[in-house]
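Work through the exercises below with the sequence and the model open. Try each task before reading its solution.

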Amino acid sequence: MAESDAYPEPPSGSRLRRNLRLIGSMLSLHPRQFTLSFVGAAVFAIATVTSSFAIRWVIDHVVLPRFEDPPGSGPVTTAAVGTGTVAIGVAMIIGIGLIRAVGVVFRRAYASEGMWRVAETYTNQVVDRLVRQPLSWHRRHPDGDLVARAGVDTESTVSVIAPIPFASSTVLMIVVSTVWLFLIDIPLGIVAVTVFPLVVVTNVVYERAVSEHYTRAQAQLGEFSAGVHESFEGVQLVKAYGAETRETERLTVLADHVRVSRVEAVTRRSIFDALTDMIPALANIALVVLGAIRVDSGDLTVGEFSSVIFLFTLLVLPLRLIGYALSELPRSMAAWIRIQAVVNEAIEADPERAIGRPEPGVGVRLDAVRFRHEASSDPTLSDIDLELPIGSITALVGPTGSGKSTLADIVLGLVAPTAGRVSLAGGPRAIVFQEAFLVAGTVRANVAFGSDVDDDAVWAALRLAAADDFVRELPAALDTVVGERGISLSGGQRQRVALARALVREPVILVLDDTTSALDPSTEALILDRLRASLDATVLLIASRPSTIALADDVVFLADGRIAGHGSHSELLADVAEYREIVEAFEADRAGAP
């Protein structure tokens, strides 16, 4: 699943054992449905073989006697064949047909139900695994690839399971038919039976030739899905920089990789499909020729010959279905391996388990905290000692790459430090990002966001976020649909709705990641004053605007992953030269100075 897992290795063991393991693992998930399907398939198989006996009996006892009256006996009458004999023949054909129909209904209905239940189970397993993995794990894996494993890979995996009950009935028919054919006529039985090993050998050769291509195609499909997801997520950036052509070319290369692998696999499959059609057809011709010779020599009756041809003709479609099931195995195996890579990957440690509780009155306490990203040799944060009281508003300031976002993640309990101790006040924690993400629903749905809160609580949160006035002016107030990503609202309005979404949960720790950057200073000051007066929480404010920094109770200045200063805004301006330089740079940037 990481970069090195793009093309996961198949499970160990022979190809046959791997395929049996794949099928067995799916059948065991919902045994009731598949057991009933297999019972229906067995009934269908036995009834199908029995139907050839019925055809033989009807031909020998009903049809042929009508044409074998001795010369001179006059016109053939119904008395030539007894009514009871005709009735027995009709009853056998209709009765066996009804039994076959019942078997088909059971086989198809429960096989389909079982297949989609397996798909549901695999999807739930993947989604459950994705939900349980911490944020640090998700940051190492492309979203599009994970979505593909829960969707496309699941469908590809179960595509082989629906025809398995029918294929099992075919195997049973082959066994029973072989015995029946040899009982009727040994030479015809030998010709008919030679088809079966030919089909098996053809499949073994096909699977070995195509397995690698399906495995590669499935992995490349995940890469393509990740690329498409990334491109659509950044559509505004692509449009703003005129990068449509570059993105098209990039996605074209990814799609071409999938196309090449799929074409290679489908080319081999088309040859396999042609062979699975041709082998039974040639065997049928051989049976007709040999059967005619055997009937002419008197070694075989017309009824027996018709029974053999009828039975073999009935076996042609099931044999093709076995071919289809076998041809689906490589693709299903490739998809199943990708699913198992997610499901069997160990759940990484939950950062929450390492979080302690600080003494009363303290919201956040960090002791000798260090953090280093896996891909980096240098620590992102070093020796962080910090204590923030409940009810305080602290600005977190620092140059780009100083570790502000990482420190915010640790304060929220989203990632665990590499070393040190984190103690956080018990209760909900929330973050509001600079780029406010709204879903394509109503204002109410975006603020509540799954929480069981009433409209009074929603309005209270909107008031704290200084958003209640503009929401009341919307066409349907709380029921106004904001569109995908809140496209119908301005940037400042989206930020305030996102802030209300965090506040409605009454968090004890609130991180604002440059959340008020799209607001004017007076609205920003109003919001922070309301938070200070109404919210009994520890607020960490990542800020780059001097007016925002000045509104905080105190400031934590980060530089090179260390706390280079902690105090009031005025104190740091006076005592820390590097802080004074960065604030002046912020002011110059806001004023449009070079």
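**Exercise 1.** What is the strand order in the open sheet of four strands, and what kind of pairing does the sheet have?

*Solution.* A note on the source comes first. This is a predicted model, in which local features need pLDDT of at least 70 and side-chain atom pairs count only at pLDDT 80 or more, while totals for chains, interfaces and linings use all residues. Residues are numbered from 1 along each chain as its sequence is written, and side-chain values use heavy atoms, with hydrogens and water left out.

Step 1: the order is 1-5-2-3, and the pairing is mixed. Strands (E, at least two residues) and helices (H or I, at least four) are DSSP runs, numbered from the N terminus; two strands pair if DSSP finds at least two bridges between them.

Step 2: strand 1 (355–356) and strand 3 (381–389) are at the edges; each has a single partner strand, so one side of each lacks a neighbour in the sheet.

Step 3: six bridges join strand 2 (residues 362–371) to strand 3 in the antiparallel sense. In strand 3, I384 is the bridge partner of V369.

**Exercise 2.** Find out how strand 7 (residues 509–513) is placed, and state why it is described as largely enclosed.

*Solution.* Step 1: five of the five residues of strand 7 are buried (under 20% relative accessible area, with a 1.4 Å probe and protein chains only). The strand is therefore largely enclosed by the rest of the structure.

Step 2: check both faces. I509, V511 and D513 are buried on one side, and L510 and L512 on the other.

Step 3: list the partners. Strand 6 (429–432) pairs with strand 7 in the parallel sense over four bridges, and R429 stands opposite I509. Strand 8 (residues 538–542) also runs parallel to strand 7, joined by five bridges; there L541 is the bridge partner of L512.

**Exercise 3.** Which residues have the most contacts inside the largest nonpolar core?

*Solution.* Step 1: a nonpolar core is a set of buried Ala, Val, Leu, Ile, Met, Phe, Trp, Tyr and Cys residues joined through side-chain atoms within 4.5 Å.

Step 2: the largest one has 52 residues, and V397, L462, L503, L510 and Y579 have the most contacts inside it. Helix 17 (residues 491–503) gives the largest share of this core, six residues.

Step 3: take V397. Leaving aside neighbours within four places in sequence, V397 is in contact (heavy atoms within 4.5 Å) with residues including K404, A543, F557, Y579 and F586.

Terms used:
Buried means under 20% relative accessible area, exposed over 50%, partly exposed in between (1.4 Å probe, protein chains only).
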